[in-house]
Amino acid sequence: MRLFFMLFFAVFLLLAGGCGSFNEEISAADISIDELEKRMQQAMDPNGRFARAKSYVMRQQVTTDRSWMELPEVQMVEIKFRAPDQFKLTTYTDNEPEQMIIASGSEGWFVNMDSKKVVRLDRHKLESVLMLARLTNPGTPLKEVFKKISIDRSRIGDEDFYRLTCFREKDTPMYIYVGCKDFFSRRLRMTMGVPGSRIKYDSRMLNYSMYEGVMIPDESIVHQGSIEQKSKVIYYKLDVELDDKEFRVPLF
C-alpha cells in the first residue's frame, strides 16, 4: 500500500512540507484508521506479494511541462529499495544519470553526476529520505511513520474519499485521499515551503494496473505551482538481487 508515495513524493524529498487548506466538504469518517489500512492492503496487495518482498526496482517516465513557451522535458526516474532502510533514486536525462538521492541506514547523500559533487544530507533532509524508505518497507503501519494521524471523509467535486491528515512535525500536514469505494490511494496534497515562497502540491493517481501480483498506480499527474508533471511506470520488479554498491556513493 506504500507504493503510491514513490510515484508522487520522491522527487520532492528535499523540500520542507507546510500546512495548507483546500476547498472540500468534510464530514465524520465511518471507519477507523486501522480498518482503512487493512482494506487498502487487501485492495493493493491481495495475495501479500508485496508484503513478502525484500526489495524492488521501479522505473518511470516523467514528462514535465513548465510553460507553454517551453518544450516538455522527458526524464526517467529509477527507484531501488532494499529492506529495511536502503533507498536510491536516480534521475536520468537522455539516458544519462543526472542526480541521485541515496540513503543507507543512518546516512544519506545527494549526488550531482554532472558536477561530480556529493553533499551529505543534513538531519532534516535525511529524515525525509528515511521516512520514504520506511513508507516503502512492506507492512509498515502509517502510525510508525507519522507522529499524528486523523481520519475524516472528504468530498471534492463529485468524488468521495477518506482523508488521512498526517503530521511528521507540528503544523506540517500531508493529506492522503483514499477512494471510499475501491480503497485505492487517489490523491496526495500539501503545501511545500521553498526559499521565498510556498507552493501547492497536488498529485492524482489516474490509473492502477497489476504488476507482480500487486495493484500499483502506474499513471499519475502532479501539479506543483505552475508546473505539471505526468508519470508512467515502465518497469516494476519485486525481489531483485541488489548489490551493496548500489547504496554507496559513487567514486569520481
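Student: Which residues form one aromatic cluster?

Tutor: The model is predicted. Rings of Phe and Tyr pair if their centres lie within 6.5 Å, and by this rule the count comes to seven aromatic pairs. One aromatic cluster is formed by Phe 50, Tyr 56, Phe 81, Tyr 211 and Tyr 236.

Student: Is the pair of Tyr 56 and Phe 81 tilted or stacked?

Tutor: Tyr 56 belongs to strand β3 and Phe 81 to strand β4, 25 residues apart. Both Tyr 56 and Phe 81 are buried. Their ring centres are 5.9 Å apart and the planes stand at 40 degrees, so the pair is tilted.

Student: What are the rings of Phe 184 and Tyr 208, stacked or tilted?

Tutor: Phe 184 sits in the loop between β11 and β12, while Tyr 208 is in strand β13. Planes under 30 degrees apart count as stacked. Here the centres are 4.3 Å apart and the planes are at 15 degrees, so the pair is stacked.

Student: Which element supplies the largest share of the largest nonpolar core?

Tutor: That core has 27 residues, and Leu 36, Phe 146 and Leu 164 have the most contacts inside it. Elements that each supply at least two residues include β10, β13 and α2. The largest share, five residues, comes from α2.

Student: How many degrees around the axis do the buried residues of α2 cover?

Tutor: The buried residues of α2 are Ile 33, Leu 36, Glu 37, Met 40, Ala 43 and Met 44. An α-helix has 3.6 residues a turn, so residues three or four places apart point the same way.

Key
Residues are numbered from 1 along each chain as its sequence is written. This is a predicted model: local features need pLDDT of at least 70, side-chain atom pairs count only at pLDDT 80 or more; totals for chains, interfaces and linings use all residues. Side-chain values use heavy atoms; hydrogens and water are left out. A nonpolar core is a set of buried Ala, Val, Leu, Ile, Met, Phe, Trp, Tyr and Cys residues joined through side-chain atoms within 4.5 Å. Buried means under 20% relative accessible area, exposed over 50%, partly exposed in between (1.4 Å probe, protein chains only). Helices (H or I, at least four residues) and strands (E, at least two) are DSSP runs, numbered from the N terminus. Rings of Phe, Tyr and Trp (its six-membered ring) pair if their centres lie within 6.5 Å; planes under 30 degrees apart count as stacked, over 60 as edge-to-face and the rest as tilted.
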